[in-house]
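Hi,

Here is the structure, with the sequence alongside. My notes follow below.

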Amino acid sequence: MSQPVALVTGGSKRTGRVIAEKFAARGYDIVVHYHTSRADADGAVAALTAAGCRAVAIRADLGDAAQIRALIDGVYEEFGRLDVLVNCASAYFPDNLIDFEVDNLDLAWRINCRAPILLTQAFYQQAKARGQTGAVVNIVDQKVRDNFHPDDFSYTVGKVGIGYMTKMLAVSAIDVLRVNAVYPGLMSQSGDQTPEDFAYASKVSNLLGYVAGPEDVADAVVLLATVKSFVGTDFVVDAGQNHIPVTHDVVTLHRAPK
């Protein structure tokens, strides 16, 4: 029970898993949250356990407020403490203002904005009742740092919300929790990108000519969570992507020359 504990939402794969691995390497026990990716969560727990940390997977639908509460309660029942919450899970839809569906807009807001707020609230209440403290890191998106384009409308609504709410959460929870945020950019091949498309987009969409990948984002998350002077701080970890204005998502905008 003496080991610090980190909960990573969406921690079963991709960036969430890399973040979980970074905390495990620093001596944290890990809670891998998942919704539908049970096999990935079991694989992550097995790998983390083999690496020498204690790890468990807990399922929760972050669109359901009761399950959010149960997720935090489950962490405390298992470990008796929570030191770091990383709000990494998100809902993504490739839509725009003209064609978005209301159900998708509502879901993206619930997962990308409401869930991190409710998780932070439940964490705050549990930690305060025990006289403990902790840290929260929200994963946002470089797009909402004044680099808007019309694509991914529903997803962006939620990310804008949690991006701007991070500072309010920071000042509201300061007696118990430090709340910060990381703003990543393009990190990995997605959508219908070919490897060549990804390599080309990586070069032309960032000032540094390469992507800041999951490892870079995870390093920033760990830094914000463990250095106690950071509060209400935004780290933009995107290799300069937010400094290059775009008219569409770089995944569709930049294709490798034929």
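Helices (H or I, at least four residues) and strands (E, at least two) are DSSP runs, numbered from the N terminus. This is a predicted model, where local features need pLDDT of at least 70, side-chain atom pairs count only at pLDDT 80 or more, and totals for chains, interfaces and linings use all residues. Residues are numbered from 1 along each chain as its sequence is written, and side-chain values use heavy atoms, with hydrogens and water left out.

His33 is buried, at 3% relative accessible area (buried means under 20%, exposed over 50%, partly exposed in between; 1.4 Å probe, protein chains only). A polar atom of its side chain lies 3.0 Å from the backbone nitrogen of Gly10. His33 also touches Gly11, Ser12, Ile58 and Leu71, among others (contact means heavy atoms within 4.5 Å).

Now the sheet. Seven strands form an open, parallel sheet, in the order β3-β2-β1-β4-β5-β6-β7 (two strands pair if DSSP finds at least two bridges between them). β3 (55-59) and β7 (234-237) stand at the edges with a single partner strand each, so one side of each has no neighbour in the sheet. Strand β6 (residues 177-184) runs parallel to β7, joined by four bridges. Tyr183 has Val236 in β7 as its bridge partner.

Two helices to look at. Helix α1 (residues 14-25) lies across β1, β2, β4 and β5, at about 175° to β1 (axes are lines fitted to C-alpha atoms, for helices over the stretch in contact; angles run from 0 to 180 degrees between N-to-C directions). Helix α3 (residues 65-79) packs on the sheet and touches β1, β2 and β3, with its direction at about 155° to that of β3.

Best wishes

Terms used:
Polar contact = N/O pair within 3.5 Å; in protein donor to acceptor, adjacent residues only side chain to side chain. Lists of a residue's contacts leave out its neighbours within four places in sequence.
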